[in-house]
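Please look through the sequence first and then turn the model slowly on your screen. The paragraphs below go from the overall fold to single elements and then to single residues.

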Amino acid sequence: HIGSMVVDSAIQVHRELGPGLLESTYQACLAMELRRAALRVQTEVKLPVEYKGHRIEVGYRIDMIVEGLVVVENKAVERLLPVHTAQLLTYLELSGIWLGFLLNWNVKLMKNGIKRFVNNL
């Protein structure tokens, strides 16, 4: 249910704004749409790494976490690369969250910019 709300909201934002803007613009508008739908949204969430029993702050930031259950990584690029997928999968693994969306806003139709991933914890 939350996943479909993320997708529906992303499509709505993209219909309104179209491609060609900064990632941060889409992120702010998507967060607003999700909050209007009464969902709890965190943005720019710090993500430490655990290494040999120590918490290491290395500068990772998850773009968005929705209801503590869904990771959203926003991109505004010509095309998604394997490194973008690897980034999202790493965030899912480190956060312990199982569902994630990689959104590329720089597409003609938003449905072509949505990639859904499940982390089999």
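Read along its sequence, the protein follows the pattern α-α-β-β-β-α-β-β, where helices (H or I, at least four residues) and strands (E, at least two) are DSSP runs, numbered from the N terminus. The radius of gyration, which is taken over C-alpha atoms, is 14 Å, close to the 14 Å that the globule rule gives for 121 residues, so the protein is as compact as a globular protein of that length; the rule itself is 2.2 Å times the number of residues to the power 0.38. This is a predicted model, in which local features need pLDDT of at least 70 and side-chain atom pairs count only at pLDDT 80 or more, while totals for chains, interfaces and linings use all residues. Residues are numbered from 1 along each chain as its sequence is written, and side-chain values use heavy atoms, with hydrogens and water left out.

Of the 121 residues, 41% count as buried, a word that means under 20% relative accessible area, with exposed standing for over 50% and partly exposed for what lies in between (1.4 Å probe, protein chains only). Among the contacts with a separation of 6 or more, 52% join residues 24 or more positions apart, and contact here means heavy atoms within 4.5 Å.

Strand β4 (residues 99-104) pairs with β5 in the antiparallel sense over 5 bridges, and L99 stands opposite V118 in β5.

Which residues of α1 are buried? In α1 these are I2, G3, M5, V6, S9, A10, V13 and H14. They cover an arc of only 165° around the axis, which puts them on the same side of α1; the arc is that of the directions from the helix axis to the C-beta atoms. An α-helix has 3.6 residues a turn, so residues three or four places apart point the same way. What covers the buried residues of α1 includes α2, β2, β3 and β4, whereas the face turned away from the buried side carries the exposed residues D8 and R15. After α1 comes G18, whose phi is positive, near 75°.

L21 has its place in the loop between α1 and α2 (23-36), and with a relative accessible area of 37% L21 is partly exposed. Leaving aside residues up to four places away in sequence, L21 touches Y26 and A76. Q27, by contrast, lies in helix α2 and counts as buried at 7% relative accessibility. With residues up to four places away in sequence again not counted, Q27 touches T43, E44, D63, M64 and N74.

Conventions. Pairing = 2+ DSSP bridges.
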